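Please report on this structure and its ligands. Keep it brisk, and give the cut-offs behind each term.

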Amino acid sequence: MHYTLVGNGRMGQQVRAIIEETEEHDVRAVLDVDADISPASFEGSDVIIDFTVRDAFLANLPAMLESGVPVVVGTTGWDAEMDSVRAKVKDAGASLMYSANFSLGVNIFLRTVREAARMISSFEQFDIAFSEEHHTQKADYPSGTALRAAEMILEANERKKSILADLPKDSKISPDQLQVSAIRLGSVFGKHTAHINSEFDDIVISHTARNRQGFAGGAVEAGKWLAGKHSRQPGFYTMDDFLDEMLG
Ligand SMILES: NC(=O)C1=CN([C@@H]2O[C@H](COP(=O)(O)OP(=O)(O)OC[C@H]3O[C@@H](n4cnc5c(N)ncnc54)[C@H](O)[C@@H]3O)[C@@H](O)[C@H]2O)C=CC1
Ligand SMILES: O=C(O)C1=N[C@H](C(=O)O)C[C@H](O)C1
């Protein structure tokens with residue numbers, strides 16, 4: 001398969017290294033901030049992988065969709081535009097897969113947290129909160145992974161109704177708010193933790209990324225899957241669609 005990468009940063013370089021370790025796949029082009037990106041930029045590619053920044057992804061999206069090449073998006077920070085992006089993908093008859101985290105380990109962690117949140121839902125003695133840690137060069141907060149975890153907790157736990165990313169200065173948190181906190185620290189690749197507390201218990205469910213290979217390898221595999229999907233059923237896909245098919 002032929003890949004075109006948009007974004008030559010930490011993740012773009014890791015994705016390129018993984019693809020170029022194989023013999024059957026190659027990177028046709030790596031497009032960064034200085035590239036004049038148009039649909040023609042993607043000619044001859046089987047899949048695009050985007051690891052850039054929020055504004056860049058949104059600015060480059062029309063050209064990527066018009067190219068007709070399926071797009072794997074790892075860039076986070078654009079949750080507020082999710083509905084608009086979904087509509088653009090549908091209108092273009094294109095294929096796009098978004099995941100805030102392509103690591104298999106993180107997605108196993110996320111599904112574990114969702115199950116824990118579900119189990120404590122009917123027991124009022126248990127409260128839950130979420131935290132994330134990342135390197136100091138991360139541009140967005142909370143992390144896309146933390147926001148996805150929070151969505152999953154709200155889906156599973158009827159006592160939590162909303163996400164609180166910034167603590168109010170002079171008022172207390174409400175029991176139906178799910179606090180999501182963020183630490184920016186050194187070169188941390190990504191640590192996500194669900195904190196569950198009762199009068200008798202502290203339950204901590206945590207995932208720590210030991211490098212970026214889990215993220216990058218997952219994105220490359222998602223690209224192979226999406227290329228096949230696109231030929232049969234173009235559309236907007238998530239990591240859950242990919243995992244549900246993989247896990248059977
Ligand atoms: N889904 C996942 O598994 C993961 C997602 N991420 C997300 O991926 C994104 C990128 O992360 P990093 O690679 O660490 O960031 P980075 O800052 O190292 O790389 C971003 C790259 O995008 C380039 N860029 C900026 N504007 C551009 C434009 N208009 N066109 C093309 N390229 C442009 C920058 O020059 C830079 O090379 C972030 O949103 C991060 O949250 C990061 C790791 C895993
Ligand atoms: O910026 C990063 O580094 C990461 N960002 C993603 C996110 O926002 O969840 C995924 C991973 O945690 C690393």
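The report below covers the model, its two ligand sites and a few individual residues.

## Basis of the model

This is a predicted model, in which local features need pLDDT of at least 70 and side-chain atom pairs count only at pLDDT 80 or more, while totals for chains, interfaces and linings use all residues. Residues are numbered from 1 along each chain as its sequence is written, chains are lettered from A and ligands numbered from 1 in the order in which they are written, and side-chain values use heavy atoms, with hydrogens and water left out.

## Ligand 1

Ligand 1 is surrounded by 23 residues. A residue counts as near when one of its heavy atoms lies within 4 Å. The closest are Arg 10, Met 11, Asp 32, Thr 76 and Ser 99. By class, the shell holds nine nonpolar, ten polar and four charged residues. Here Ala, Val, Leu, Ile, Met, Phe, Trp, Tyr, Cys and Pro are nonpolar, Asp, Glu, Lys and Arg are charged, and the others, Gly among them, are polar.

Polar contacts are pairs of N or O atoms within 3.5 Å; within protein, one must be able to donate a hydrogen and the other to accept it, and residues adjacent in sequence count only if both atoms are side-chain atoms. The side chain of Thr 76 places an N or O atom 2.6 Å from an oxygen atom of ligand 1. A polar backbone atom of Ser 99 is 2.8 Å from a nitrogen atom of the ligand. A polar backbone atom of Phe 102 is 2.9 Å from an oxygen atom of ligand 1. On its own, ligand 1 has 860 Å² of accessible area, and the protein covers 81% of it. Such areas come from the Shrake-Rupley method with a 1.4 Å probe; for residues, only the protein chains shown count as cover. Helix H1 (10–20) and helix H2 (54–67) are the elements that give two or more residues to this shell. Helices (H or I, at least four residues) and strands (E, at least two) are DSSP runs, numbered from the N terminus.

## Ligand 2

The residues around ligand 2 include Thr 76, His 134, His 135, Lys 138 and His 192. Its shell divides into three nonpolar, eight polar and one charged.

An oxygen atom of ligand 2 is 2.6 Å from a side-chain N or O atom of His 134. For the side chain of His 135, the corresponding distance is 2.8 Å. A polar side-chain atom of Thr 76 lies 3.4 Å from an oxygen atom of ligand 2. Taken alone, ligand 2 exposes 320 Å², of which the protein buries 85%.

Thr 76 lies in the loop between strand E4 (71–73) and helix H3 (82–92). Thr 76 counts as buried because its relative accessibility is 14%. Buried means under 20% relative accessible area, exposed over 50%, and partly exposed in between (1.4 Å probe, protein chains only).

Ala 139 sits in the loop between E6 and H5. With 73% relative accessibility, Ala 139 is exposed. Ala 139 and Thr 76 are 63 residues apart in sequence, but 9.4 Å apart in space, C-alpha to C-alpha. Pro 142 is in the loop between strand E6 (127–134) and helix H5 (144–156). A cis peptide bond joins Tyr 141 and Pro 142, with omega about -15 degrees. Most peptide bonds are trans.

## Thr 4

Thr 4 belongs to strand E1 (residues 2–6). Its relative accessibility is 0%, so Thr 4 counts as buried. A polar contact of 2.4 Å joins its side chain to that of Ser 45.
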